[in-house]
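Me: I have this one open in the viewer and would like to talk through how it packs. Could you take me through it piece by piece?

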Amino acid sequence: MTASPQHVVFGTGAIGLATLDALRRRGERVRLVNRSGTALVPDDVEVVSGDASDQGFAASAAQGAEVVYQTLNPPYHRWVELFPALQAGVLAAAQATGARLVSMENVYMYGRPGGQPLTETHPYAADTKKGQLRARMARELLAAHQAGRVQVAVGRASDYFGPRGGAQSLLGDRVIPAALAGKTATVMGDPDQPHTYTYIPDIGEGLAVLGEHPDAPGEVWHLPNDPRTRTTRQLVEVIYRLAGQPRTKLRGTPALLLRALGVINPTVRELVELQYEFQEPFIVDSTKIATKLEVHATPLDQALAETLASYQATTSYGSASRPHQR
């Protein structure tokens, strides 16, 4: 490994690379960690290969860091099996090096919103397998902070979209290539329900702020979302308009169809329990990070235009969505 970095990012998927972008804008030295040791990054960025669930390796990879970022995301259908050990490895690395730990999470632990916007004080009421896992993992991190073993700041995002989102983004490969080709896009659930989507570069910027702000540790922060929540259909209509298409072509995926597809597709099967997110209003409030840390969301129209441009800038849609470990 090269000279000690100030920041070590575990995971080189869309979120890890967005965090790298935000840190490089600040002129910070960054080391990336993934299983392969390769990533689509500038040549001067160090990428280290190894298994983050190996606590000895994770501590070695984080050597010299002032801040460690956990942006890992194992295969969706293997979360319960793999995710706890990955988090434990990164947590142990932060403790061993004395670094602040910034952990990327989603909002599964809250469960159904019950008609209310989700804030950081919403109870952990999930009755889903992945939601309950997320709740346990979140409690473990905050307990480590409260015990004084490590400084922890938690950032949570809703369903994300943006450059590099690819197949993992619900407004990515299922929508944008179809819009550019004038074909029919497919989205989850009821497209006429309001739904918060978090822009990937805003996630990276938010995580970078959590790594540097003195008031960030010991808190959960919803990463910035445009406060003017729209329906999925309204967002897809913007994408088609930006793509120069005179008419939006869109179909939702009803729960029965999702269950049928899940019989043969393990990733789709794991989505069935989370259908509630797309069957009722799902609004994630990020007022706290905007008011206390002054981190604001990119306006949705601008974010959608930048996402579309990221697809248009590639020679093929597939190269725009090459999968990475997040």
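Predicted model: local features only at pLDDT ≥ 70, side-chain atom pairs only at ≥ 80, totals over all residues.

Me: At what angle do helix 7 and helix 11 pack, and how far apart are their axes?

Reply: The angle is about 50°, with the axes of helix 7 and helix 11 10 Å apart, and that makes helix 7 oblique to helix 11. The crossing of the two is right-handed. On the helix 7 side the contact is made by L235, V238, I239, R241 and L242, and on the helix 11 side by L300, D301, L304, A305 and L308. Sorted by class, this contact of helix 7 with helix 11 has eight nonpolar and two charged residues, and no polar ones.

Me: Which residue just after helix 7 takes a positive phi?

Reply: That is G244, with a phi of about 80°.

Me: Switching to the sheet: how many strands does the open sheet have, and in what order?

Reply: The open sheet has seven strands in the order 3-2-1-4-5-6-10, and the pairing is parallel. Strand 3 (46-49) and strand 10 (220-222) stand at the edges with a single partner strand each, so one side of each has no neighbour in the sheet. From one strand to the next, the twist averages 20°.

Me: How many bridges join strand 4 to strand 5?

Reply: Strand 4 (residues 67-70) and strand 5 (residues 100-105) run parallel and are joined by four bridges. As one example of the pairing, V67 has R100 in strand 5 as its bridge partner.

Me: Which strands does helix 6 lie across?

Reply: Helix 6 lies across strand 4, strand 5, strand 6 (152-156) and strand 10, and runs at about 155° to strand 5.

Me: And where do the axes of helix 1 and helix 6 stand, how close and at what angle?

Reply: The axes of helix 1 (residues 14-25) and helix 6 (residues 200-212) come within 7 Å and cross at roughly 60°, which makes helix 1 oblique to helix 6. This crossing of helix 1 and helix 6 is right-handed.

Me: Which residues meet there, in helix 1 and in helix 6?

Reply: From helix 1 there are A14, I15, A18, T19, A22, L23 and R25, and these meet I200, P201, I203, G204, E205, L207 and A208 in helix 6. By class, the contact of helix 1 with helix 6 has ten nonpolar, two polar and two charged residues.

Me: Last pair: are helix 3 and helix 4 roughly parallel or roughly antiparallel?

Reply: Their axes, for helix 3 (residues 79-97) and helix 4 (residues 129-146), come within 11 Å and cross at roughly 15°, and helix 3 and helix 4 are therefore roughly parallel to each other. Helix 3 passes helix 4 in a right-handed crossing. W79, V80, F83, P84, Q87, L91 and Q95 of helix 3 make the contact with K129, K130, L133, R134, M137, E140, L141 and A144 of helix 4.

Me: How many charged residues does the contact of helix 3 with helix 4 have?

Reply: The contact of helix 3 with helix 4 has four charged residues, together with nine nonpolar and two polar ones.

How values were computed:
Residues numbered from 1 in each chain as written. Heavy atoms only, no water. Axes fitted to C-alpha atoms, helices over the stretch in contact; angles between N-to-C directions. Parallel < 35°, antiparallel > 145°, perpendicular 65-115°, else oblique. Left-handed = near helix turned anticlockwise from the far one by under 90°. Contact = heavy atoms within 4.5 Å. Nonpolar A, V, L, I, M, F, W, Y, C, P; charged D, E, K, R; others polar. Pairing = 2+ DSSP bridges.
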